[in-house]
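Work through the exercises below with the sequence and the model open. Each task is followed by a solution in steps.

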Amino acid sequence: MNQKPNYGNWVPEKLLYLTFGGAALFLVLALLSGLAFSNTPLAVICAILCAVLLAFGIYMYACHECFAFGKGDMMAKVHAHLVAHLNWDGHGTLLDIGCGAAPLTVRCAKAFPDAALIGMDYWGAQWNYAKEQCERNAAAEGVPPIRFLRADAAKLPFDTGEFDAAVSNFVFHEVKSQPDKRQVVREALRVVKPGGAFAFHDLFEHREIYGDMQELISQLKEEGITEIHYEPHTERLSFFPWYCKAPWLLRGLGILYGRK
């Protein structure tokens, strides 16, 4: 039996379990407060909390299904849009920075079958991903062998100019070991060789994280990046459903891409 890939979801199932579990708990408390203890005010409060959690759970479940591979496929559409911005012929080596469960790495392997790919991630207990999961997913997809390794995106264990191309999706802002996320971008560019291609998707429109993006782009040009482009607010693209554009889900996205 062919194994199916498991890429996870941007809406963790643990969140859904906690939300619906909390709604059920408040429902029980509302019934007990009203029927067993005749405490109407407490019953009303518990009922309201139950309704709020239930509504939030239903909303997040709808987003979960929208994001899911093989269902709404929005995660796959984001990856396809990112890869389309990578101006590369597919000959040489490519690094996926923060590969998670490797969906973007696998998409790159399919788009560039002659390339040698490396997927790296810090993984860790807080994320529902692992190196072994990446390896299983790549095997299930039948792509050429991909090397996966654990590393810190703030201190990549690679030589300067080692890769012909680099990609990353929703990762840089999560790097805890480097508070200045602009430096995470610079570290990603460091390992790309002169003339190599890059495409990075992140919360670039969040000024509290990246400041003025035009200022950053100007600085990168002064530091030697020969070609750099920026597409702001990718959450406004047509394949993002309106209900997924909530501030706590998808807001202030952008793609930084070009050639070093």
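## Exercise 1: a buried aspartate

Aspartate 152 is buried but takes part in no salt bridge, and the nearest side chain of opposite charge, that of lysine 155, is 6.0 Å away. The model is predicted.

Task: Locate aspartate 152 in the fold and list what it touches beyond its neighbours in sequence.

Solution. 
1. Start with the chain position: aspartate 152 sits in the loop that joins strand S3 (147-150) to strand S4 (163-169).
2. A salt bridge requires a nitrogen-oxygen distance within 4 Å, and lysine 155 is 6.0 Å away.
3. List the contacts. Leaving aside residues up to four places away in sequence, aspartate 152 touches Met120, Tyr122, Val175 and Ser177.

## Exercise 2: positive phi

Task: For alanine 102 and phenylalanine 170, give the phi value, the loop and the burial.

Solution. 
1. Recall the background: most residues other than glycine have a negative phi.
2. Take alanine 102. Its phi is near 80°, a positive value in a residue other than glycine.
3. Alanine 102 lies in the loop between strand S1 (93-97) and helix H4 (103-111). Its relative accessibility is 0%, so it counts as buried.
4. Take phenylalanine 170. Its phi is near 55°, again positive in a residue other than glycine.
5. Phenylalanine 170 belongs to the loop between S4 and helix H6 (181-190). With a relative accessible area of 16%, it is buried.

## Exercise 3: cysteines

Solution. 
1. Apply the cut-off: the two sulfur atoms must lie within 2.5 Å. The count comes to zero disulfides.
2. Cysteine 50 is in no disulfide, as the nearest cysteine sulfur, in cysteine 46, is 9.2 Å away. Cysteine 50 has a relative accessible area of 12% and is therefore buried.
3. For cysteine 108, the closest cysteine sulfur belongs to cysteine 99; the separation is 11 Å, which is too far for a bond. Cysteine 108 is also buried, at 0% relative accessibility.

## Exercise 4: nonpolar cores

Task: Which residues have the most contacts inside the largest nonpolar core, and which elements each supply at least two residues of it?

Solution. 
1. The largest nonpolar core has 32 residues, and those with the most contacts inside it are Leu95, Phe158, Phe172, Phe204 and Leu256.
2. The elements that each supply at least two residues of this core are S1, strand S2 (116-121), S4, H6, strand S5 (192-202), helix H8 (213-222) and strand S6 (227-232).
3. A second, separate core has 27 residues, among them Val83, Phe112, Ala165 and Val167.
4. Look at leucine 95 itself. Not counting residues up to four places away in sequence, it touches Ile118, Met120, Leu156, Phe158, Phe163, Ala165, Ala166, Val167 and Val191.

## Exercise 5: an enclosed helix

Task: Why is helix H3 largely enclosed by the rest of the structure, and what do its buried residues pack against?

Solution. 
1. Helix H3 spans residues 74-84, and eight of its eleven residues are buried, so the rest of the structure largely encloses it.
2. The buried residues are Met74, Met75, Ala76, Val78, His79, His81, Leu82 and Val83.
3. They pack against helix H2 (40-67), H4, S4, S5, S6 and strand S7 (254-259).

## Exercise 6: salt bridges

Task: How many salt bridges does a search of the whole structure find? Describe those of lysine 176, glutamate 223 and arginine 190.

Solution. 
1. The search finds seven salt bridges.
2. Lysine 176 pairs with glutamate 174, with the closest N and O atoms 3.3 Å apart. Lysine 176 is exposed at 66% relative accessibility, while glutamate 174 is partly exposed at 29%.
3. Glutamate 223 pairs with arginine 186 at 2.9 Å between the closest N and O atoms. Glutamate 223 is in the loop between H8 and S6 and arginine 186 is in helix H6, so this pair ties together parts 37 residues apart in sequence. Glutamate 223 is partly exposed, at 49% relative accessibility.
4. Arginine 190 pairs with glutamate 187, the closest N and O atoms being 3.0 Å apart. The two are three residues apart in helix H6, which means a separation of about one helical turn. Arginine 190 is partly exposed at 22%, whereas glutamate 187 is buried at 12%.

Terms used: Residues are numbered from 1 along each chain as its sequence is written. This is a predicted model: local features need pLDDT of at least 70, side-chain atom pairs count only at pLDDT 80 or more; totals for chains, interfaces and linings use all residues. Side-chain values use heavy atoms; hydrogens and water are left out. Helices (H or I, at least four residues) and strands (E, at least two) are DSSP runs, numbered from the N terminus. Buried means under 20% relative accessible area, exposed over 50%, partly exposed in between (1.4 Å probe, protein chains only). Lys and Arg count as positive and Asp and Glu as negative; His and the chain ends are not counted. Contact means heavy atoms within 4.5 Å. A nonpolar core is a set of buried Ala, Val, Leu, Ile, Met, Phe, Trp, Tyr and Cys residues joined through side-chain atoms within 4.5 Å.
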